[in-house]
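Subject: Structure handover

Hello,

Here is the structure you asked to see. Some notes on what was found in it follow below.

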Amino acid sequence: MSRLVAQFDVRYPTFHLRLDLDIPTSGITVLFGPSGSGKTTLLRCLAGLERAPYGFMQFGDTVWQDETTGRYLPLQTRPIGYVFQEPRLFPHYNVRSNLLYGYNRIRRDTRRIAIDQVVEILGIGPLLERRTHRLSGGEQQRVAIGRALLTSPSLLLLDEPLASLDIQRKQEILPFIHRLHHELAIPVIYVSHAISEILQLADRLVLLKDGSLMGVGTLNEMLTSLQFRGSFGSHRVGAVLDAKIVGHEPQYGLTQLDFSGQRLLVPLQPSAIGQPVRVHILSSDVSLVIGRSTLPTSVLNVLEATVQEIREISQSSVEVLLDIGAPLIAGITRKSLMTLGIKPGDSVFAYIKTVALNEEVTD
Amino acid sequence: MTDLDLSALWVSVQLATTTVLVLLLVGTPLAWWLAHTRSPFKPAVEALVALPIVLPPTVLGFYILIALGPHGPLGQLMQLNLAFTFTGLVIASAFYSMPFVIQPLQGAFEAAGKAPLEAAWSLRASQWDAFLTVISPIALRGYISAIVLGFAHTMGEFGVVLMVGGSIPGQTRVLSTTVFEHVEAMEYGQAHALSAFLLIFSFVVLLTVYILNRRFPIHAS
């Protein structure tokens, strides 16, 4: 599998970025960390907006930077699309001219993404002849994303593109980012410090702190890892599962999801059978039972699980890391743990009270 | 107006046009450098650029006269005497009107910032391409101010022209020096006419700048 390899060492008066990154070039990778952790600087180094004096970067088979040989591809020659925090639309052009700025500057035979396609995905058809300052913040950012996409990039870099927008506007753009990734198959690196964006978008997390790499892994690995649990805020410890719609029960207002051969019931979804759905299960919503109870229960979602690890959280509570085909965390009391008497390797049933769907997760 | 007055007007217009063109060519990179440099020499260069605003024109004219003369550094370099020639006058005017061209450009480049430039680069534009298609239009107001103020200021100069150009009819005699000649010769009627012309011209020019600034507001993002 194609990989992105980057080593940067760059000093600023108040800040030192030094890291060694190696990630697959597929999917949506989110650079996550508190402000000042170096997310934006790393993204700018990857793009070629900053040149790290000690740096190496390889994208797939191509070396973009190697300071030991002095090789450095300037930004203009890298096959990237870059979306800044602010839209940075050109004020003297209308929306169409903004969209075409990069499109007209790439070779005809390298144009893989069509204007109509981008206009359709981003829903900016009615805006094409408008002046940019007449657009709302969300519309401007969509045009900026479209403008970057029309350079047919091999890698799309987004620097907190939703940071300056309110929640409603964010929810308006997030599905577009998801869609363009799936429909255009462009790997995305996305800078964010908002947990809700991560839960909705990320396939992979790169965790940064004080200019150093804290960890890299799939979203669920990172969310369920004890080591990084503090990085996401304790109240939202949980797991994210990528499931698929397998059926609808409209008479009950429910939709059936399949996840690693297990069934989940969630409120009725508008999407068609076969569509992917991402769900978030908080550790506080997971209870454990040994053996499937023969008594009727009001809990709809019961998953078979294997105990992986038991972690002490406080004097009264523990977290149980479960394997349900992917990691899942149950938050239970120490007293319950004693009663159940479970240990790693045991089979249990996880009763899930609430399955949150992506759109319901907010900061 | 007499033929002499008309020839002075023509010299003035030629001088102002040439000076502005020279200043735009030299001033754009200098203003760009001033807008973006982190060099410790920046304040010194800014002070040098602003110097003609505060310096008496005779002082500036005196030094330029020395530099342009056959024994001055520029005269030596070019192996000819530029004092009392049209070319010498252009060089002198360029120094004299420099702040009026550089400062609006520098301000416009600073206001535009690096952000649109980075966006253009990320969209595959080369440095030149990005400057011509993105920065120049965003800095349009700065250019309009620079051209109009540079032109008008050169039209109105007197002290430097007299020091460096003398007042040779058809070559270095410009409107402002012609007014002086008329007054010297007690031709108050002609002095009145020319003065009124310069007064109205200057007002119209400044009015144009302010109207254009209102008509072409650049909407930042």
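How many positive and negative side chains does chain A have, and how far apart do the centres of the two sets lie? Chain A has 36 positive and 35 negative side chains, with the two centres 5 Å apart. Lys and Arg count as positive and Asp and Glu as negative, leaving out His and the chain ends; each charge is placed at NZ of Lys, CZ of Arg, CG of Asp or CD of Glu.

The model is predicted: local features need pLDDT of at least 70 and side-chain atom pairs pLDDT 80 or more, while totals for chains, interfaces and linings use all residues. Residues are numbered from 1 along each chain as written, chains are lettered from A and ligands numbered from 1 in written order, and side-chain values use heavy atoms, without hydrogens and water.

Overall, chain A holds eight helices and 21 strands (DSSP runs, H or I of at least four residues and E of at least two, numbered from the N terminus). Of its 363 residues, 54% are buried (under 20% relative accessible area, 1.4 Å probe, protein chains only).

One helix in detail: in H3 (residues 115-122) of chain A, the residues A:Val118, A:Val119, A:Ile121 and A:Leu122 are buried. They lie on the same side of H3(A), because they span an arc of only 165° around the axis (directions from the helix axis to the C-beta atoms). Their cover includes helices H2 (95-103), H4 (137-149) and H5 (167-184) of chain A (contact means heavy atoms within 4.5 Å). Just after H3(A), A:Gly123 has a positive phi of about 60°.

Regards

Conventions. Buried < 20%, exposed > 50% of the residue type's maximum accessible area, 1.4 Å probe, protein only.
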